[in-house]
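Subject: Structure for you to look at

Hello,

Here is the structure I said I would pass on.

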Amino acid sequence: MSERILSILAEGFVKIFVASIQVTIPLTVIAFTLAFLIALFMAMVQYAKVPVLKTVARLYIWIFRGTPLLVQLFLAYYGLPMLGIVMEAFPCAILVFSLNEGAYCAETMRSALEAVPEGQFEAGYCVGMNYLQIMFHVVLPQALRTAFPPLSNSLIAMLKNTSLAAEITVADMFMAAKKIVGRTYEPLWLYSEVALIYLLYSTVLTFVQNHYEKKLSSYNSRETSVKEAD
């Protein structure tokens with residue numbers, strides 16, 4: 001490997017890594033947090049079978065799961081200004097990623113809620129709890145344990161999908177690599193470097209996911225043992 005390539009890789013790594021800390025990671029964390037809150041609300045609306053809101057939730061999920069993420073980004077960033085709605089690239093990316101991921105996570109949470117036995121509500125009412133108390137203190141904790149693995153996978157997928165934000169000029173690490181490629185004409189090495197950094201982050205998240213999945217599995221086993229003993 002020539003000194004020129006090594007120099008480009010060294011420069012590229014610094015700029016790409018800085019961009020990942022300043023843009024990619026914050027974008028992922030903020031967007032996924034909002035997506036989870038959206039998903040939780042949409043799942044609870046469907047689970048409770050609220051007439052009008054349930055229809056709105058199904059329509060939202062249908063639209064955002066049925067259209068490509070890149071198209072959604074272009075519509076929000078390049079299309080909405082024609083209606084007088086102008087957003088900066090980073091907030092626009094947060095909005096689109098959170099709405100898109102929220103639609104997928106809503107289905108995950110809905111399935112997890114429906115997996116909780118209906119007898120939990122009856123038991124809650126028997127001890128004097130109301131609907132919201134049962135939902136937040138009994139049903140949701142169990143549903144979240146079930147939903148943790150697929151939600152973790154969604155987080156990892158979102159981290160990788162943030163590379164699409166470069167298409168609307170967000171200065172993430174993929175955009176940083178594109179700028180250096182445009183100057184050095186070394187796409188193989190620089191895009192490989194970006195791929196390795198994404199792989200590093202994904203590996204760390206996967207390790208954390210596996211760690212907590214084992215903890216949850218251990219907790220569920222102890223809980224099952226206690227119930228059988230009773």
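The lining of the largest pocket has 4 nonpolar, 1 polar and 3 charged residues. Here Ala, Val, Leu, Ile, Met, Phe, Trp, Tyr, Cys and Pro count as nonpolar, Asp, Glu, Lys and Arg as charged, and the others, Gly among them, as polar.

Before going on: this is a predicted model, where local features need pLDDT of at least 70, side-chain atom pairs count only at pLDDT 80 or more, and totals for chains, interfaces and linings use all residues. Residues are numbered from 1 along each chain as its sequence is written, and side-chain values use heavy atoms, with hydrogens and water left out.

The pocket first. The residues that line the largest pocket are Gln46, Tyr47, Lys49, Leu113, Glu114, Val116, Glu118 and Phe121. Two or more of the lining residues come from each of H1 and helix H4 (89–115). Helices are DSSP runs of H or I with at least four residues, numbered from the N terminus. The space in this pocket is about 170 Å³. On a 1 Å grid over the protein atoms alone, a pocket is an open set of points with protein on both sides within 12 Å along at least five of seven lines, a cavity is a set where a 1.4 Å probe fits but cannot get out, and lining residues have an atom within 4 Å of a point. Points are joined across faces, edges and corners, and a volume is the space filled by probe spheres set on them.

How many cavities of 30 Å³ or more are there by this rule? The count is 1. The largest cavity has a volume of about 30 Å³, and Leu69, Phe97, Asn100, Glu101, Met158 and Asn161 line it. H4 and H6 each give two or more residues to that lining, and H4 gives the most, with 3 residues.

Now the backbone. Most residues other than glycine have a negative phi. Lysine 49 is not a glycine, yet its phi is positive, about 55°. Lysine 49 sits in the loop between helix H1 (3–48) and helix H2 (51–66), and is also one of the residues lining the largest pocket. Its relative accessibility is 58%, so lysine 49 counts as exposed (over 50%; buried is under 20%, partly exposed in between, with a 1.4 Å probe and protein chains only).

Threonine 169 also has a positive phi, about 75°. Threonine 169 lies in the loop between helix H6 (131–161) and helix H7 (173–184), and is partly exposed at 46%.

Regards
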